[in-house]
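Trainee: Could you show me how to read a few features of a protein model? I would like to begin with a ligand and its surroundings.

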Amino acid sequence: MAANGSLHHAERIDLQIHKQHSICMVLDYGSQYTQLIARRVRENNVCSLLLPGDATLERIKKERPQAIILSGGPNSVHTANAPQLPPGFYEYVQQEKIPVLGVCYGMQLLVHSLGGKVETVEADGEYGRTSIRTTQASELYQEETDHAQSVWMSHGDKVAELPEGFHPVATSEKGTIVAIENKQKLLYGLQYHPEVQHSERGIATLKRFLFGIAKMPADWNIENVLKEEMDKISATVGPEDHVICALSGGVDSAVAALLVHKVLKERLHCVFVDNGLLRYKEGERVMDTFKNHLHLPVTKIDDSKRMLARLKGLKDPEAKRKAIGAGFIEVFNDFAKGFERKPRFLVQGTLYPDVIESMPPPGKDQKHSHMIKSHHNVGGLPKDLQFTLIEPLRELFKDEVRALGRLPELNVPETFITRHPFPGPGLAVRVLGDVTEGEALDVLRQVDEIYINTIRDFGLYDKIWQAFAVFLPVRSVGVQGDQRTHSSVVALRAVTSSDGMTADWYPFEPKFLQTVSSRICNGVRSVNRVVYDITSKPPGTIEWE
Ligand SMILES: Nc1ncnc2c1ncn2[C@@H]1O[C@H](COP(=O)(O)OP(=O)(O)OP(=O)(O)O)[C@@H](O)[C@H]1O
Ligand SMILES: O=c1[nH]c(=O)c2[nH+]cn([C@@H]3O[C@H](COP(=O)(O)O)[C@@H](O)[C@H]3O)c2[nH]1
Ligand SMILES: NC(=O)CC[C@H](N)C(=O)O
Ligand SMILES: [Mg+2]
C-alpha cells in the first residue's frame with residue numbers, strides 16, 4: 001500500500017513478513033530489472049529483500065542476509081557520484097561468508113572497486129539477445145564448460161581487466177567477459193541479465209547462486225503476499241470507510257478488486273471508465289464479463305467526450321499520458337462526491353513495472369534510475385491526488401499476479417487471468433501523436449479487431465503475451481482496384497513476455513502475416529499498408545508511446 005509513491009520504492013518493498021525467513025538481499029542501483037531479480041528469487045521460494053543502493057552497512061547488517069545480489073543500473077562506474085558499496089562491505093561479507101553476485105552494473109562495480117578495470121565501449125554496446133559461451137568450470141554453470149546459451153544484454157561498459165583472485169568463466173561472441181568468479185571470496189559477476197525471461201539459462205544460474213553457492217533454504221511462497229496484503233488493508237481502512245476501486249477489465253484490477261473485496265465486502269465500489277480510448281465494443285464486452293463472471297457491483301462512467309477534449313492538440317507522449325492520468329482521477333473524484341461519507345481510498349491494480357517505468361524513486365538515490373514513460377496510474381497521477389492509494393499488487397509482476405489470482409482463496413475467473421494486457425491510456429498511446437486527428441481511433445479499432453480475431457482464428461492468442469495495432473501518422477502510396485491511393489499505414493505488434501519488463505517479437509508464420517495483411521487492407525478502406533514490428537524490449541518498449 002502506498003500514498004502516491006511517497007516512499008522510496010525499495011524501502012516500501014521491505015516486506016516485513018519475511019523476518020522469519022532466510023533473506024537474499026538485492027541492492028538496487030536503479031536498473032529497470034532490479035525488482036525482477038527480487039521477484040526471481042521469490043519465485044524460487046526464497047524470500048528477497050530490496051534495499052536502495054546507498055543503504056548503509058548497518059542497514060544491510062540489520063537484515064542478516066544470507067546472500068547479496070548487486071543490481072544493474074544506468075550509471076557507469078566512471079561517472080561522478082556513481083553508486084558505490086558502503087565502506088567495510090567486503091570485510092563484512094567475507095567475515096560472514098556471504099556470497100555476492102553482481103549483475104551488469106553490479107559486476108562492473110565489483111570489478112572497479114576491487115582494483116580491476118572497466119571501460120566504456122563507445123559505439124559497440126551489446127543490447128538484447130547475445131550468445132555467450134562458458135570457458136571455465138564454475139558453480140554458476142554447474143561446472144559445465146564450453147556450453148553456449150543465449151542471454152539478454154543491456155550494457156555499454158565492459159570489464160577490461162579483472163581484479164586479483166577473479167577468473168573469467170564465460171565470454172560473449174564479441175569476446176566480452178560476461179561471467180566472473182572469485183570462488184575463495186564467494187564473489188561472482190554476470191554482465192548479462194540472468195533475471196530476464198529471455199536469458200535462456202538465467203534462472204538456472206540464479207538458482208546455482210542461491211542454492212549451490214549460498215545454500216539457501218526454499219521456504220517462501222505467494223500465499224504470504226495474500227495474507228500480508230489483506231492484513232495491511234484491515235489495518236489501514238477504518239470500519240466505516242468506503243473505498244473506490246478502478247476496475248478496467250484487465251487481470252490486475254480484477255485480482256486487486258477481489259482481494260480487497262475479501263476484506264471490505266460491500267464497502268468496496270468498483271468503477272469502470274469508458275475514456276473514449278477503448279477498443280472495438282470494449283465497454284459493452286467488459287461490462288458483460290463483469291456481470292457474468294465477477295459478481296461485484298460495477299458502475300460504468302462514460303468520460304469519453306471530456307477525455308478526447310483534454311487530449312486535443314497534444315502530441316507529446318508524456319503530455320498525453322499525464323492528461324489521461326488526471327482524467328481518470330477526475331472521474332473518481334466526481335464519483336466520490338456522490339457518497340455521504342466521501343471515500344478516502346482508491347484501489348488500483350498497479351504492478352511493479354508500472355512503478356519502475358514511471359518514475360525514478362523519490363529520495364536519496366533519485367539519480368540511479370531513469371523514467372521511461374509515465375504509466376497513467378503512477379507517474380500520470382495528478383500532484384494533488386486526494387485519495388490514499390491501495391495497491392496490493394504494487395510489488396508484483398504480471399505472472400505473480402496471475403498466480404495470486406489463481407489461488408483458491410481468490411479464484412479469479414480465467415477470462416481475466418488469460419486476457420492480454422491493455423493499458424489504461426488505451427488507443428491514445430497507439431495513435432502516434434495527436435489522437436483526435438481524423439478518424440485515427442476508428443481506423444485503429446477496426447484494424448485491431450481484425451488483427452486479434454485473426455490471432456484467435458489461428459489459435460495463437462494464448463501463445464502471445466500481448467498483441468495490438470498502432471496507427472502511424474504517415475501516409476503511403478498504394479494501388480487498389482487499379483486506382484492510386486494515398487492512405488494510412490498501420491503497424492502490428494505481438495510480443496512474448498512473462499512480465500512486460502523484457503519482450504521479444506512473436507515470429508508469426510508467413511501464412512498468418514499474409515492473411516492478416518489482406519484482411520486489414522480489404523476490410524479497412526483507409527489503410528493501404530501493413531507493417532510488422534520486429535523490435536524486442538529493450539531496445540524498444542512494448543507500446544510505441
Ligand atoms: N478503463 C478503466 N477504468 C477504470 N480503471 C482503469 C481503467 N483502465 C485502467 N484502470 C486502472 O489502472 C490500473 C492500471 O491499468 P493496467 O492496464 O495496467 O491494469 P489492468 O487493466 O488491471 O490489467 P492489464 O494490465 O492486464 O490490462 C488498473 O489496474 C485499474 O486500476
Ligand atoms: O495501465 C497501463 N497504463 C499505462 O500508462 C501503460 N503504459 C504501458 N502499459 C502496459 O505496460 C506493459 C509494458 O509496456 P511498455 O513496454 O510500453 O512500457 C505493456 O503491457 C503496456 O501495454 C501501461 N499500462
Ligand atoms: N544494465 C546495466 O547495468 C548497465 C550498466 C552500465 N550502465 C553499462 O551501460 O554498461
Ligand atoms: Mg488494462
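Mentor: Gladly! A residue counts as near a molecule or strand if its C-beta atom, placed from the backbone, lies within 6 Å of it. This is a predicted model, where local features need pLDDT of at least 70 and side-chain atom pairs count only at pLDDT 80 or more, while totals for chains, interfaces and linings use all residues. Residues are numbered from 1 along each chain as its sequence is written, and chains are lettered from A and ligands numbered from 1 in the order in which they are written.

Trainee: Which residues surround ligand 3?

Mentor: Among them are Ser31, Asn75, Cys104, Tyr105, His155 and Asp157. Ala, Val, Leu, Ile, Met, Phe, Trp, Tyr, Cys and Pro count as nonpolar, Asp, Glu, Lys and Arg as charged, and the others, Gly among them, as polar. The shell around ligand 3 has three nonpolar, eight polar and one charged.

Trainee: Where is Asn45, and what is its phi?

Mentor: Helices (H or I, at least four residues) and strands (E, at least two) are DSSP runs, numbered from the N terminus. Asn45 sits in the loop between α2 (34-43) and β2 (47-52). Its phi is positive, about 60 degrees, although Asn45 is not a glycine.

Trainee: Is Glu143 buried or exposed?

Mentor: Buried means 20 or more other C-beta atoms within 10 Å of a residue's own, exposed 12 or fewer, and partly exposed in between, with C-beta atoms placed from the backbone. Glu143 has 12 C-beta neighbours inside 10 Å, so Glu143 counts as exposed. Asn45 has 15 other C-beta atoms within 10 Å and is therefore partly exposed.
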